[in-house]
Amino acid sequence: MIIDNIENLKIYKNIPNEVIDFLSRLNLSDIELGKKVLSDNVYLNIEEYNTKLLENAKFESHDKYIDIQLLLNGMEEIYYTSRFGLNVNIPYNKESDITFYSDPVKKFPSVKLDGSNFMMIFPHEAHAPQVSIDENIQKVLKVVVKIKV
């Protein structure tokens, strides 16, 4: 797990140059929602959604991709932990590269994404994204970068 300021993206060797280039040129006025393929091993999704209450959050993990999550507008909390020892709720789906877990999220640590920072999540880690801050549901705009491992 890496949590850092956006301006430090370029210091991490496992973040490909095409990701840094794309994010540095990103302009909020001409953003298009959806999937963007940057290379054979990297794509990203630009998403807009409403955050959810903590009791509706579920841990998830991915086997094939590292996630980099950063907000372009709004704020949300992401809870995180090691995926080992969690109870599988929905087994791994190879097509969508995701496993869901049934453990309650609220007892684990979290980070607040607010547009100034990012979170890099590795395959051995589980995360519960899209959680509202202080039960204040809001619309957010987010980039989720997927880097093949």
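Predicted model: local features only at pLDDT ≥ 70, side-chain atom pairs only at ≥ 80, totals over all residues.

His62 counts as buried because its relative accessibility is 6%, and the cut-off for buried is under 20%.

Two polar partners stand out. The side chain of His62 makes a polar contact of 3.3 Å with the side chain of Glu60. The His62 side chain also reaches the backbone oxygen of Asp97, at 2.7 Å. Leaving aside residues up to four places away in sequence, His62 touches Asp67, Arg83, Asp97, Ile98, Pro123, His127 and Lys146.

## Aromatic pairs

The whole structure holds three aromatic pairs. One of them is Tyr12 with Phe118, edge-to-face, with 6.0 Å centre to centre and 80° between the planes. Tyr12 lies in the loop between strand 1 (2-5) and helix 1 (17-25), and Phe118 in strand 10 (residues 117-121), so this pair ties together parts 106 residues apart in sequence. Phe118 has 0% relative accessibility and therefore counts as buried.

Phe59 and Phe108 form another pair. Their ring centres are 5.1 Å apart and their planes are at 85°, so this pair is edge-to-face. The pair links distant parts of the chain, 49 residues apart. Phe59 is in the loop between strand 3 (42-50) and strand 4, while Phe108 is in the loop between strand 8 (98-101) and strand 9 (110-113). Both Phe59 and Phe108 are buried.

## A charge over a ring

Lys35 places its charged end over the ring of Tyr43. The distance to the ring centre is 4.3 Å.

How values were computed
Residues numbered from 1 in each chain as written. Heavy atoms only, no water. Buried < 20%, exposed > 50% of the residue type's maximum accessible area, 1.4 Å probe, protein only. Polar contact = N/O pair within 3.5 Å; in protein donor to acceptor, adjacent residues only side chain to side chain. Contact = heavy atoms within 4.5 Å. Phe/Tyr/Trp six-rings, centres within 6.5 Å; stacked < 30°, edge-to-face > 60°. Helix = DSSP H or I, 4+ residues; strand = E, 2+ residues; numbered from the N terminus. Lys NZ or Arg CZ within 6 Å of the ring centre and 35° of its normal.
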